[in-house]
Amino acid sequence: MNGEKPYDFVPFPEGRPDRKQGAGQDKLDARLLSGTLELTLHTLTPVHVGLGYSDFIKAGNQEYLAALQASKPIREDDTTRRRYLIPGSSIKGAVRSIVEAITRSCIRITQSKHRPYIPQGYGGCMSVNDLCIACRLFGAQDYQGHVSFEDAVAPKGSLVLMGTPLLWTPARGGRGLPPRYLERDRAKGRKFYRHARPPSGADPRACIKSGAELPLRIHFLNLSEAELGVLLTALGLHPDHPFPIKLGGGKPVGLGSVQVKCQRINLLQGADALKATGRLGQAHTPVGSDLDAFLVRCANAANALIDDDALGKLETILDKAGLQKTAPADPY
Ligand SMILES: [Zn+2]
């Protein structure tokens, strides 16, 4: 098939990564922002985060061997039920990738053979005194990071069995990156899949259905307004640059499109919170009616850390309009 590829690249920004010492998380810094984002994930296509194995699932009168959706037992009233969810780790990984792409953040390469293809200075951060924004927010070796993501648990009745096309792994050379990832012997940038409607296929997967609403809480500690703004932008919440994000498996075949909505931001006002309660995690200042104004303030502050071209390109790739087309079902 000669169709359009379901992905594109966000080129690496000009200039070296923006590195500095992390603010630390051992105590609340009164000059910085700490608190909780209360969000809702609206699934625009089914979302599949696999457990890495399959089992028989009954649908109608038939049983299918399907890739299972992540779940955990949750205690409700007097019983314990298994509930399907999108693991926090999976959401965190997706959001980190976006932060990396839109800021001057390092490239965490796992294979040294890929090193020659990345721009100079973009190797992974090596010292806790010298961390890029992605490593400061999400953590690096020996540095814990400033954000933590809870699991997003799906409401009852959210599971759906999807027949998805089989995924094909692009042919890889024994050495280095496949040519389609390169331009003039350099990596083209960071790869993101477009939004698309899922085509049907022969590979059954249990998914969280399209149209589900999952609450999500993200905790943050000691962030500047600009850093919180970068996190909000990567969630698709920048007022001028909104986009749905992609989560989980099956991205090339249209799974995992999610619109994040911000319901509330609870701020712990640094030293004020400590004075008021003597304890972290008690005094909340909800950003309620001022939520929009607060989002604008953080987004404006974040502009200093965000690469405009990279954000523009990512916005194009993650354009919601992609959902009007069906993803390629054949190898591309
Ligand atoms: Zn880094």
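A pocket here is an open set of grid points where a 1.4 Å probe fits, with protein on both sides within 12 Å along at least five of seven lines. Keep that in mind for the first two stops. The model on your screen is predicted.

**Stop 1: the largest pocket**

Select S97, E100, G189, R190 and K191. Of the 34 lining residues, these are the closest to the centre of the largest pocket. The volume of this pocket is about 1100 Å³. Now colour α1 (88-102) and β12 (190-193), the elements that each give two or more residues to the lining. Which of them gives the most? That is α1, with six residues. Colour the lining by class next: 16 residues are nonpolar, 10 are polar and eight are charged.

**Stop 2: the second largest pocket**

Move to E4, K5, R194, H195 and K325. They lie closest to the centre of the second largest pocket, out of 21 residues that line it. Its volume is about 320 Å³. Show helix α6 (residues 308-317) as well. With three residues, α6 provides the largest share of this lining. By class, the lining splits into eight charged, seven nonpolar and six polar residues.

**Stop 3**

What is the arrangement of the four donor atoms? For reference, the ideal angle for four tetrahedral donors is 109.5 degrees.

Are C106 and C125 buried or exposed? C106 has a relative accessible area of 1%, so it is buried. C125 is buried too, at 16%, because the cut-off for buried is under 20%.

**Stop 4: Q259**

Last, select Q259 in strand β16 (residues 257-268). Its relative accessible area is 12%, which means that Q259 is buried. Show its contacts beyond four places in sequence: T40, L41, H42, L44, F243, P244 and K320.

Note on methods:
Residues numbered from 1 in each chain as written. Predicted model: local features only at pLDDT ≥ 70, side-chain atom pairs only at ≥ 80, totals over all residues. Heavy atoms only, no water. 1 Å grid on protein atoms, 1.4 Å probe; cavity = no way out; pocket = protein on both sides within 12 Å on 5 of 7 lines; lining within 4 Å. Points joined across faces, edges and corners; volume = space filled by probe spheres on them. Helix = DSSP H or I, 4+ residues; strand = E, 2+ residues; numbered from the N terminus. Nonpolar A, V, L, I, M, F, W, Y, C, P; charged D, E, K, R; others polar. Buried < 20%, exposed > 50% of the residue type's maximum accessible area, 1.4 Å probe, protein only. Contact = heavy atoms within 4.5 Å.
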